[in-house]
There are 2 protein chains.
Amino acid sequence: MFSVSARTQYAIRAMSCLAKREGRSATSAEIAQSESIPAKYLEGILSRLKASGLIESERGKNGGYRMAKDPAEIRMLEIVEAIDGRIKPVTCVDAPGACSQGGDCHPRNFWIGLKTTIDAYLAERTLKDVSEG
Amino acid sequence: MFSVSARTQYAIRAMSCLAKREGRSATSAEIAQSESIPAKYLEGILSRLKASGLIESERGKNGGYRMAKDPAEIRMLEIVEAIDGRIKPVTCVDAPGACSQGGDCHPRNFWIGLKTTIDAYLAERTLKDVSEG
DNA sequence: TATATTCCTATTAATCAGATAGGAATATGG
DNA sequence: CCATATTCCTATCTGATTAATAGGAATATA
Ligand code: FES
Ligand code: FES
């Protein structure tokens, strides 16, 4: 429970790898090799990171991926949400009044509090913090 | 990601149900019915809660389960760990030096920090807080 | 035009959570 | 001693989700 998907761990490694290049680009294959990530699987991950605006890409010969911003400006929460979407400990976090207790459901408030706590932790640390310390 | 297992949600409902009885006992079947939990599945959950000392049981006719302590003394973390074990965002939380970075691995420290944050949240709230407010 | 790349879609494989099944052990009351 | 109600134990099945693979279309370069 509360475990981090392989996808997200791969994504963080890939982002760290790009961060080291300081703007220079790397191909999907290079990242896959350097970080030991299944190559084709990684493509799907980079695609999500790009969709969220964290990285940019060029295709064709000499193409590749590169950071879209300074690693110090990228919050870990952004990476996590790019890959797995909003954190939802329980499905009813976005559904007030889902159970019999109506709007003021204590268990729901409890889980929302947890989500808020996790979000805060992830938002106050950046890729720079995590990849180099 | 970071989602709470159905088992743990069932466990919390079951504990709340027992908490309402203030020491009086209830059978597995009664709890299952009252909380809409698959009966046979619930048996396995109650068994883990008992193994962790959160509830007690008698078997045979007139048997059943009852709270082993005051709900105000039961931390939510205890319930979660009784069901799903220690929280481990990544497998290496208990394996220092698992990756190439050796003992001082920044990503690992990052995830351990998250674990600590989640643990703290869950430890500072009790069953009483969550079941009645 | 050959080649290297991203990008898109579909499929397969592996893993795990959720649920079910059957019955052994045990306690109670008649 | 027996019928019954319960916990308790172990095995299995199922479905959902994640992880991974496959194939090729689109695009850029030289
Ligand atoms: S709304 Fe989710 S438990 Fe009440
Ligand atoms: S020890 Fe887990 S990532 Fe380094």
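**Close-up views of a predicted model**

**View 1. E22(A) sits out in the open.** E22(A) is exposed, with a relative accessible area of 69% (exposed means over 50%, buried under 20% and partly exposed in between, using a 1.4 Å probe and protein chains only). Look for E22(A) in the loop between α1 (6-20) and α2 (28-35) of chain A. Its phi is near 45 degrees, a positive value in a residue other than glycine. This is a predicted model, in which local features need pLDDT of at least 70 and side-chain atom pairs count only at pLDDT 80 or more, while totals for chains, interfaces and linings use all residues. Residues are numbered from 1 along each chain as its sequence is written, chains are lettered from A and ligands numbered from 1 in the order in which they are written, and side-chain values use heavy atoms, leaving out hydrogens and water.

**View 2. N62(A) also has a positive phi.** Here phi is near 65 degrees, and N62(A) is not a glycine. N62(A) lies in the loop between β1 (55-58) and β2 (64-67) of chain A, and is exposed at a relative accessible area of 76%.

**View 3. V80(A) is buried.** This residue of helix α4 (residues 76-84) of chain A has a relative accessible area of 1%. (Helices are DSSP runs of H or I with at least four residues, strands are E runs of at least two, and both are numbered from the N terminus.) Beyond its neighbours within four places in sequence, V80(A) is in contact with T8(A), G85(A), I87(A), L122(A), M1(B) and F2(B), contact meaning heavy atoms within 4.5 Å.
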